[in-house]
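Have the viewer ready and follow along.

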Number of protein chains: 2
Amino acid sequence: MRFTSEQRLEDGLLEREFTLDDIPAILWTPQSASASAPAPLILLGHPGGLAQMRPRLAARARRSALDGFATATIELPGGGERPALPAVDKARADLRRALAAGQPVSDEIVHRLILPLVDAAVPEWQAALDAILPLPELSERVGYSGGPIAIGIRLARVEPRITAAGLFAGSYVPADMIEEARNVTIPVHVLLQWDDRGNDRQMALDLFDAIGSTEKTLQANLGGHTGVPPHAGDEAARFFARHLKASS
Amino acid sequence: MRFTSEQRLEDGLLEREFTLDDIPAILWTPQSASASAPAPLILLGHPGGLAQMRPRLAARARRSALDGFATATIELPGGGERPALPAVDKARADLRRALAAGQPVSDEIVHRLILPLVDAAVPEWQAALDAILPLPELSERVGYSGGPIAIGIRLARVEPRITAAGLFAGSYVPADMIEEARNVTIPVHVLLQWDDRGNDRQMALDLFDAIGSTEKTLQANLGGHTGVPPHAGDEAARFFARHLKASS
């Protein structure tokens with residue numbers, strides 16, 4: 001890991017860009033975070049394309065810092081300046097073609113689109129944790145927040161350092177990842193936009209049903225993919241506060 | 001309306017029993033409520049049987065008073081000491097028999113169980129509003145909270161004084177009330193217990209889908225009918241605070 005830039009934003013939030021091998025990444029730590037008061041960390045999931053997503057990610061970092069959380073994100077495989085993943089791009093084009101034609105999206109397409117991304121991204125997120133968790137201003141409490149929900153499900157299942165997941169059900173999930181969700185046991189808060197056109201509502205409900213956790217909440221709000229109401233963000237924040245800030 | 005008892009509970013909460021014709025009813029007002037600072041009112045829905053429900057209703061009244069809300073409830077038609085409704089009781093027995101036999105619950109049974117209750121209860125809730133809203137310590141802002149969800153849907157549709165509804169999807173709803181929900185336009189927060197055995201999950205999802213409001217939220221939590229987690233109660237409370245306490 002190599003820090004490549006550092007700046008103080010409003011309210012003393014420290015924003016540091018770093019690279020992990022060749023993967024661009026960003027770490028935000030609240031002013032209150034220190035070796036004597038280390039901050040819990042929330043990994044910010046996103047659909048890929050750090051540069052375009054950056055304003056929204058920075059807003060999520062600022063919101064999380066209000067509750068005392070550090071946040072971090074990395075570029076996804078195939079995203080931004082990273083080498084393209086032609087097979088994934090082809091699957092994405094196939095999915096868009098099916099949606100545009102009003103045809104059902106086959107599990108075969110979803111499988112080709114999502115599984116390679118999950119398989120490639122999850123070890124990179126884990127490597128990012130290896131790199132940044134030793135920082136003295138970070139505690140060992142880690143959550144994952146956002147989408148793609150399939151990456152969150154896989155991380156929740158395989159990465160024991162992640163102990164709470166706030167997932168955004170805003171993308172397709174292959175059928176065998178719905179099965180995989182049965183082995184997720186950490187507390188989960190799932191956000192679903194009821195009228196998300198690029199998503200399949202029944203698939204999201206089936207996924208929620210499958211999650212094996214004894215504490216799970218689905219919050220569904222009227223509106224499309226980008227129409228998450230402010231109160232839903234506040235409720236996700238309270239979910240993380242309940243699970244990552246409890247005294248250990 | 002005739003007040004029949006009055007007592008101060010902890011935190012200065014004033015509990016007054018009253019009767020409305022022969023219907024037993026209770027009004028709780030927080031200590032802060034006065035003619036110069038009138039409290040918004042939340043109607044507390046329940047399944048009938050005020051005496052047995054009273055501890056849980058009083059707990060909801062205390063929770064609501066923390067946010068500055070007055071609360072009121074009335075006995076349901078056929079509930080407690082009120083005259084029985086034999087046709088409704090027969091429909092309830094038919095529903096229980098179907099559930100016990102593992103048979104599907106027909107819309108015909110649900111219709112016989114729910115519609116007469118809704119038709120009888122809604123005018124009584126409206127009469128209760130007529131009686132208590134003139135009290136100087138109550139504002140004109142009114143919400144409905146709880147179940148039966150069919151009564152809440154009907155009230156939300158026909159009673160313009162109710163401007164926000166927090167509904168508990170814990171009972172069956174006849175198909176034509178799902179149609180009726182399309183004409184509900186006030187903000188709605190629906191609470192669903194994902195594993196409620198006396199309920200039909202798909203029916204609850206269909207009902208949520210049908211509600212015509214531009215602001216609606218479904219919050220589903222793992223667990224059975226009585227297993228609503230504390231954070232879900234807090235989120236319902238914030239829903240009412242957003243909609244009934246905004247400056248007018």
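This is a predicted model: local features need pLDDT of at least 70, side-chain atom pairs count only at pLDDT 80 or more; totals for chains, interfaces and linings use all residues.

Residues are numbered from 1 along each chain as its sequence is written, and chains are lettered from A and ligands numbered from 1 in the order in which they are written.

How does that axis come about?

Now look at where the chains meet. The contact takes 12 residues from chain A and 13 residues from chain B, where two residues are in contact if their C-beta atoms, placed from the backbone, lie within 7 Å. On the side of chain A that touches chain B, S9 and helix H7 (230-244) each supply at least two residues, and S9(A) gives the largest share, 6 residues. Helices (H or I, at least four residues) and strands (E, at least two) are DSSP runs, numbered from the N terminus. By class, this side of chain A has 3 nonpolar, 5 polar and 4 charged residues; here Ala, Val, Leu, Ile, Met, Phe, Trp, Tyr, Cys and Pro count as nonpolar, Asp, Glu, Lys and Arg as charged, and the others, Gly among them, as polar. Because 100% of the interface residues of chain A are also interface residues in chain B, the copies meet through the same surface.

Leaving out residues up to four places away in sequence, Thr217(B) touches Gln219(A), Ala220(A) and Asn221(A), together with His189(B) and Val190(B). Thr217(B) and His189(B) are 28 residues apart in sequence, yet 4.8 Å apart in space, C-alpha to C-alpha. Thr217(B) counts as buried because it has 24 C-beta neighbours inside 10 Å. The cut-offs are these: a residue is buried if 20 or more other C-beta atoms, placed from the backbone, lie within 10 Å of its own, exposed if 12 or fewer, and partly exposed in between. Arg242(A), found in helix H7 of chain A, has 16 such neighbours and so counts as partly exposed.

Beyond its neighbours within four places in sequence, Ala72(B) is in contact with residues including Ile26(B), Leu43(B), Ala128(B) and Ile132(B).

Which helix of chain B is largely enclosed by the rest of the structure? It is H4(B) (residues 149-158), because 9 of its 10 residues are buried. Arg154(B) and Arg157(B) are among the buried ones. What covers them includes helix H3 (107-132), strand S6 (138-146), strand S7 (162-168), helix H5 (175-181) and strand S8 (188-193) of chain B.

In chain A, the axes of helix H2 (residues 86-100) and helix H3 (residues 107-132) come within 8 Å and cross at roughly 145°. Axes are lines fitted to C-alpha atoms, for helices over the stretch in contact, and angles run from 0 to 180 degrees between N-to-C directions. Among the residues making the contact are Ala91(A) and Leu95(A) of H2(A) and Leu113(A) and Leu117(A) of H3(A). By class, this contact has 9 nonpolar, no polar and 3 charged residues.

Finally, some backbone details. Most residues other than glycine have a negative phi, and most peptide bonds are trans. The bond from Gly147(A) to Pro148(A) is cis, with omega near -10°, and Pro148(A) sits in the loop between strand S6 (138-146) and helix H4 (149-158) of chain A. Asp21(A), in the loop between strand S2 (14-20) and strand S3 (23-29) of chain A, has a positive phi near 50°. Asp21(A) is exposed, with 9 other C-beta atoms within 10 Å.
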